[in-house]
Amino acid sequence: MRLNKIIFHSLLIVSLLIVNCSFALAKEYDGLWFMAFNQKNPVLKDLRVREAVDQTINKKYILTEIISEEVVPGSYIPPKMIGYDPDLAPREMDVSYAKLLMKGSNYPMNDKRLKTLTLLHTDGLMTVAIANQIQKDLRNIGMKVKLVEIPYSDEDKWIDGLSSGKHDLYLLGYKANIKQLFTEEAAANYDSYTLIEPLFKSDGNANFSRYDNPRVDKLLGQLENINPALKGDRNEKLKEVNDILYEDVPAVLIFYIEKL
């Protein structure tokens, strides 16, 4: 899977810089920073495993102690963007429940397939701190995760790492309308479609997790033919996509990226 050079350059900058600046409480957001699952790995294809991971990572600690952010994401579409659903509450950390999920999955905590996972990330100081915290947290459900760090300055290696499909987990930031992020003046309002479609459509340009849900593909396909001016119709479809993603857990949402 390949992106054009502009998008990859923007992805690289977002994945690096967003977690290496000081955050005030953001009033507006237009992006996601998350850890995604490579669903070509049978272990991570199991929804119960993904839910267990989501309930094991101490997201509040990461937010308050590492990046000084306050909003814990639940909705895959950030607040104030079309399709945002305030009823999608963040999953609280609950290691006991996560262990029960693992027990009910096809991969109990002593399964050797949990001992060889890799997590791809860049070498920004805060990114590394987040990766280390995730590695520590996932030990609680029997997962041994090897951290694979790529220098942010080595763009080709980062591109190859994301595209290869060799890594089980990866940390990434992505903004709506990312094509324009560093190439021209940003639009006043971003449509959530430009955030969600690249990340979660089966053939999306930034869908390195290989997530594939026909219902999501169908809804996103319908959105392509709905005029951006018809915000009510777009909101209904995007909210439905949002709800499906929340139930599917294709990623662990770490924080929303503040709108520039």
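Five strands form an open sheet in which the pairing is mixed and the order is 3-2-4-1-5, two strands being taken as paired if DSSP finds at least two bridges between them. Strand 3 (145–150) and strand 5 (251–258) are the edge strands, each pairing on one side only, and the twist from one strand to the next averages 25°. The structure is a predicted model, in which local features need pLDDT of at least 70 and side-chain atom pairs count only at pLDDT 80 or more, whereas totals for chains, interfaces and linings use all residues. Residues are numbered from 1 along each chain as its sequence is written, and side-chain values use heavy atoms, with hydrogens and water left out.

The secondary structure of the chain comes to 10 helices and five strands, where helices (H or I, at least four residues) and strands (E, at least two) are DSSP runs numbered from the N terminus. Of the 260 residues in the chain, 57% are buried, a term that denotes under 20% relative accessible area, with exposed meaning over 50% and partly exposed in between (1.4 Å probe, protein chains only). Among the contacts in the chain with a separation of 6 or more, 79% are accounted for by residues 24 or more positions apart, contact meaning heavy atoms within 4.5 Å.

Strands of a sheet pair through backbone hydrogen bonds, either parallel or antiparallel. Strand 1 (residues 29–37) is mostly covered, with nine of its nine residues buried. Strand 1 pairs in the antiparallel sense with strand 5 over seven bridges, and also in the antiparallel sense with strand 4 (residues 169–175) over seven bridges. Phe34 has Leu253 as its bridge partner in strand 5 and Leu172 as its bridge partner in strand 4. Strand 2 (residues 117–122) and strand 3, by contrast, run parallel and are joined by six bridges, with Leu120 standing opposite Val148 in strand 3.

Helix 8 (residues 193–200) is mostly covered, seven of its eight residues being buried; these are Tyr193, Leu195, Ile196, Glu197, Pro198, Leu199 and Phe200. The buried residues of helix 8 pack against strand 1 and strand 4, as well as against helix 9 (214–223) and helix 10 (231–248).

Two packed helices are described by the angle between their axes and the distance between the axes. The axes of helix 4 (residues 59–67) and helix 6 (residues 125–138) come within 11 Å and cross at roughly 150°, the axes being lines fitted to C-alpha atoms, for helices over the stretch in contact, and the angles running from 0 to 180 degrees between N-to-C directions. Helix 4 and helix 6 are therefore roughly antiparallel to each other, a description applied to angles over 145 degrees, whereas those under 35 count as roughly parallel, 65 to 115 as roughly perpendicular and the rest as oblique. The contact is made by Tyr61, Ile62, Ile66 and Ile67 of helix 4 together with Met126, Ala129, Ile130, Gln133 and Ile134 of helix 6.

Ile82 is found in the loop between helix 4 and helix 5 (95–104), and at 17% relative accessibility it counts as buried. Apart from its neighbours within four places in sequence, Ile82 is in contact with Ile77, Ser192, Lys231, Arg234, Asn235 and Leu238. The C-alpha atoms of Ile82 and Lys231 are separated by 7.4 Å, although these residues lie 149 residues apart along the chain.
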